Amino acid sequence: MRLHQPLTENGAVRSHAPKLYSIRVKGHLGATALAAFPEMVSQQRGADSILTGILLDRSALFGILTQIEALGLELIEIRRLVPNPESAEISKRVTS
Amino acid sequence: MAVDTAHLGLRGLIDRERLFDTLDQAVEKRVMLISAPAGSGKTSLLRTWIDRFRGARRVVFTSARDAEDEQGFWLALLAALGSVETVPTPTFTGASMAERVLAQLDENHDPIVIAIDDAHEFAHDALSHIARFVADLPAHAHVVLVSRHDLRLGIHHLRLAGEVAEIRATQLGFTESETRELLASSGITLSNDAVRTLQQRTEGWAAGLRLAALSLVVDSDPEAFVAQFSGSHRVVAEYLLAEMLERQPEHVQRLLLTTSILERVNGELADLLAETSGSDRVLLGLEDANAFVVSLDSERTWFRYHHLFRELLRLELRRTMPDRIADLHRRAAAWFADRGYAIEAIRQAQAGGDWQGAAWMLADQLFDLLIRGHNETIASLLDAFPRAVRLDHPELALVDAALETQQGRFEEAAQHLDIAEREAQKMPEKLQAGYGVGIVILRLGLARRQGHLESVIQQVNYLGTCGVLRAMALMNLGIVEMWSGRLADADRHLRDGAELSEQIGAPYLRVICLANLGFASKIHSFASAREHSERAFELARRYGWESETIVVPALLTLAGAPLWAGDFSTGEKWLERAVEAMKPGANPPEELLLHIVIGMLHVGRNRLADALVEFAEAESMQSRMLGEHVLAAQATAWAIAVQARLGLLDDARGSLAAAPAPRAASAEVRNAAAMISLESGAAEAALADLRDVIEGRLPLIHDFVLVEAQLLAARAYLMLDNEPEMISSVEKALALAERERLLWPFAMTGAREVLAKVPRHRTAHAALLFEIVDMLDGLSPRGNGLPAPAGSELSATELRVLRYLPTNLSRSDVARELYVSVNTVNTHVRNIYSKLGAASRTEAVERARQLRLLAH
């Protein structure tokens, strides 16, 4: 999958900056399954779980996707979040 | 590992008739892809289906997961196909192994199904070999590829041709009735409602249903279990695993969790990690209960866990006993190391963070792994060390050097060897001796590939006087002497090396010695060179090595002999094999020879421009070597001569002026200088260039240099209208050429015109002369039916072609002149010969002149 790459002010592609992602999978993840995603914070949303976290680069993202595949989880949605005050708060929680 | 169908671990699996019908139809296609997420029941379905037609059809079941690496996969597949044992070599390539499997499939034309499980585990390269393999399958073979996700195989053409069938997740899901049957096979009976609820909650997901069954079978109130499960939003697998574990006795729980760090487990290892006893019985019991444990061998000693199950267990281990994990890995590493499972031992040591131990083991096992062709595994083990650790562990520099040598990165390899040597004293004493030998062997290999005689001689002295080290020393010494032109020494050392290798049972070294002995023994005769090369090739074939790089020197000798004798199609066949087996970049001296032989073929086929590219390429290989290659002067000389013949006289003079001094003075390059003079119309200068060669004042690498010189002299005398000297030179060339059948120099020197002027009654080698003329005309001797009566009328186009026959233009030149293809010219020439009853260009011209079709 080719993710959109934002341009910096001078027009260069900035592909290596860490980015905030939110990944929705079906079902509530318990402690065991969450051990597979130490870099993500989990929230329950209805019957799904939303994993949110700052991922260093695309390799990190694909690592998460591989883990989802290995656990047989059903992937529903992946979003890259545009930085705003709320996500800044999440990223603080993730990194603290 | 591939298993025969007698052992498929079918305990507790149900027959899914509805899917069997689908598979029965799908397998008629060349490829069947089963693509569905983890735990969908792909493998179980495949195993039960295969079991049903056991005996009725040949089936091989393999898994990408069971093999240590790609090599292991192909070897297991070969073994399962009943091939004679293939012994891996240091130059293993997946592509060549795939070829070998295809060849093996051609041995038996009964229909066969090859099932490959876990295909998503193949690395990118391995997958591309699988794709080629599938594309080249013979019609009686069918492949089933099982994977967690769609594979990028690039087999669209097969898809378009309707040769691909697919089974996907929706088809694999358990229906209600299949759910009921699955539960029943474990002795569980549920109400229809509960079965439906369970099926809906798991969405028919096989792993979920099997996990549920494991809990249900011991639960006192199965209906309540189902109700509770369906009320939970927890992820199915996680929920059910927790429930299942909770219902196991404590020692079983511990066993499952602690052994989840392993790719495969046996009773002894499980006892060690779980600190218990009797684990083998527990593992057998779990397999019998269909608890995601499958035995890997018919004795049921090794087991492995279903991926998904193992993944969950590992996570649970990480959550509940995080501080035990490193220790578990280290204990497993020690166990594997004690029993000689080097690769698993190193992987476990790395996983346990025991970098020191892992680094020593890798350095210690390096040669064993190299000689068995585990290059890719070595590279992946090396990559698994963090950067900082690699800097701290100089013994890993040895590993770097080994890989770099094989990839032809000689400078980096030499630097890493220096580091390894400098840091040797940091090694524990008991490892130092082996480590030192390792450095010497790598230095030898490096020096051999760079043709550096002094360095080889120096290193050889460090190796002992007996055993495998002595054999390696002789092999390296012989080869580097050979490339340095000391053929007599090379011949002796390679013979000794071959003999010693046989005594100590080292066939790999023996093949290398024999393969090179062919070239080295050319000083005796081409016949003995061919004999050695054939022996090397036969021996290699016995071990399944016939397309490995080690046989390249033998293949080149086998290609060279017919090329010298003018049999270009036989030469080309061997040459094709050599090109395929050669790994570019890793062995400059061999590659130099390869390009020379390819260039010879082009010259024989009158493709001078192509020949020039090859000779120049050969010459460029010298820059990657430290010592002068025995054929470096020849490569330079033929590149110059071909430039001259192509009319690139300024380029040729430039190349001649640029040749380094000792090479410029060689007999080979004198011949090339003479060619420039001839093509510039300076016959006297050419004779002056040739004088030292012809009068024996320069060392000759072989008689062919002299044959060449005599032919060039003959061309000069022709230009000077000195017929007696011209005939005398041709006669000397023919006499020299007769013994070893050196026909090729006649093509190289452009001697066609000269030969036409030699009256047949004036030579004692008339038969040879005819043969050479036929070769130069690109003809096999008379044979295309009976010649038509002389004088059959030539067509207008044939007459046009005929006009070019007395000239020295090649057929492609004629084609260009007439704006037609070479094939068209060939057809016309054939017709002309046939209508004139001529066997060669000269005869055709003679007959045409007699018939006044051509002016005199």
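Tutor: Begin with the area buried between chain B and chain A, which is about 1,600 Å². Carbon and sulfur atoms give 57% of that area. Keep in mind that this is a predicted model.

Student: How many residues does the contact take from each chain?

Tutor: Chain B supplies 16 residues and chain A supplies 18 residues.

Student: How many salt bridges are there between chain B and chain A?

Tutor: For a salt bridge, look for a side-chain nitrogen of Lys or Arg within 4 Å of a carboxyl oxygen of Asp or Glu. Between chain B and chain A the count is two. One of the salt bridges joins the side chains of K26(A) and E203(B), at 2.7 Å from N to O.

Student: Which element of chain B gives the most to the side that touches chain A?

Tutor: Helix α16 of chain B, residues 307-320, gives the most, with seven residues.

Student: How many residue pairs are in polar contact between chain B and chain A?

Tutor: The count is ten residue pairs, both residues at pLDDT 80 or more.

Student: Now chain A by itself. What order do its elements run in?

Tutor: Read from the N terminus on: β-α-β-β-α-β-α. That makes three helices and four strands in chain A.

Student: What share of chain A is buried?

Tutor: Of the 96 residues in chain A, 39% are buried. Among contacts in chain A between residues at least 6 apart in sequence, 62% join residues at least 24 apart.

Notes:
Residues are numbered from 1 along each chain as its sequence is written. Chains are lettered from A and ligands numbered from 1 in the order in which they are written. This is a predicted model: local features need pLDDT of at least 70, side-chain atom pairs count only at pLDDT 80 or more; totals for chains, interfaces and linings use all residues. Side-chain values use heavy atoms; hydrogens and water are left out. Contact means heavy atoms within 4.5 Å. Buried area is the accessible area (1.4 Å probe) that two parts lose on being put together, summed over both. A polar contact is a pair of N or O atoms within 3.5 Å; within protein, one must be able to donate a hydrogen and the other to accept it, and residues adjacent in sequence count only if both atoms are side-chain atoms. Helices (H or I, at least four residues) and strands (E, at least two) are DSSP runs, numbered from the N terminus. Buried means under 20% relative accessible area, exposed over 50%, partly exposed in between (1.4 Å probe, protein chains only).
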